[in-house]
Amino acid sequence: MKPVRHPRSRRRPLTPGRALSHAGAWAYALVLLLPLYYLLVSSFKDNDEIFSDPLGLPSHLSFGKFSTSVHDARLDLAIANSLIVTLGSLVVVLLLAVPASYALARARGRTAVIIERVFALGFLIPTFAALVPTFLLAAQLGLFHTRTFIVLFLPATSLPLAVVLLTQFMRTVPDEVEEAARMDGAGNWTVLLRIYLPMVVPGIVTVLILSFLAYWNEYLYSLVIIGPDQAQRTIQVAVPTLRSTLSTDFGVLSAGTVVTLLPVYVVYGVLQRRMEGALMGGAVKV
């Protein structure tokens with residue numbers, strides 16, 4: 001039996017339109033990578049090299065700027081605080097968003113539609129508009145200058161997106177699957193944990209990625225609520241302390257900024273691969 005030969009895929013001819021789109025894509029990638037390259041090479045330079053040749057390679061490689069930034073601003077402690085705040089907020093937002101999305105996805109009445117639209121209205125509230133009420137609330141609860149309040153507050157900023165997004169994912173679950181589970185005696189929590197959650201893994205991972213980026217990069221409320229306390233401040237509050245009004249070592253400042261970006265890229269890369277694996281592996285099965 002002769003092996004079946006598959007026809008070779010023919011490459012599409014490079015038309016002017018495709019060439020222009022490719023050039024635009026590479027130009028956009030360059031625009032995104034250029035600031036990262038500038039930060040990275042600046043982390044190995046002194047001020048004279050940075051200002052004389054901003055995009056040039058450093059004359060020598062030394063990680064002294066990184067150790068100085070970590071030591072001067074206590075970035076190691078700030079990273080630990082940011083991890084506590086970020087991971088705690090992620091747990092809270094999932095505990096709130098998953099059951100709410102499940103209830104909205106299963107509901108068929110007009111009330112559910114109104115509730116979903118109320119959640120969607122959360123996109124229209126500017127972050128800074130709630131600063132003063134949040135400050136007063138933290139003071140009244142006795143949680144001012146604490147990480148606990150930030151952990152409880154940050155999920156509220158991303159809950160509208162999480163609920164709206166997960167609701168759409170849960171609506172893709174076939175009704176027949178839930179009906180079969182109900183016939184076997186499964187209750188609401190069993191259906192949610194055993195049926196819905198495995199099928200909406202891509203949606204949960206998407207919420208985790210977006211929420212992690214928002215929580216890790218949050219600066220305003222962490223500065224106002226937690227303040228400059230070195231024992232509790234987050235990484236975004238600690239990095240600006242490397243800058244001085246008299247003299248600033250921009251190499252050290254760039255190194256501190258790179259340190260703040262590393263966890264973001266690591267977490268994003270891991271979660272993105274898991275999301276792609278869930279999609280390609282058939283996380284949602286009919």
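Helix H8 holds both Arg182 and Glu178, which sit four residues apart, about one turn of the helix. Helices here are DSSP runs (H or I, at least four residues; strands are E, at least two), numbered from the N terminus. The model is predicted, so local features need pLDDT of at least 70 and side-chain atom pairs count only at pLDDT 80 or more, while totals for chains, interfaces and linings use all residues. Residues are numbered from 1 along each chain as its sequence is written, and side-chain values use heavy atoms, with hydrogens and water left out.

The side chains of Arg182 and Glu178 pair up in a salt bridge at 3.2 Å, N to O; the term covers a side-chain nitrogen of Lys or Arg within 4 Å of a carboxyl oxygen of Asp or Glu. Glu178 comes out buried at 11% relative accessibility, whereas Arg182 is partly exposed at 28% (buried is under 20% relative accessible area, exposed over 50%, partly exposed in between, with a 1.4 Å probe and protein chains only). Salt bridges with shared partners tie Arg106, Glu178 and Arg182 into one network.

Overall, the structure has six salt bridges. One of them joins Asp175 to Arg108, with 3.8 Å from N to O. That pair links distant parts of the chain, 67 residues apart: Asp175 belongs to helix H8 (residues 175-183), and Arg108 to the loop between helix H4 (75-106) and helix H5 (110-120). Arg108 is exposed, at 61% relative accessible area, and Asp175 is partly exposed, at 40%.

Then there is Arg74, bridged to Asp76 with the closest N and O atoms 3.2 Å apart. Arg74 is partly exposed at 32%, and Asp76 is partly exposed at 42%.
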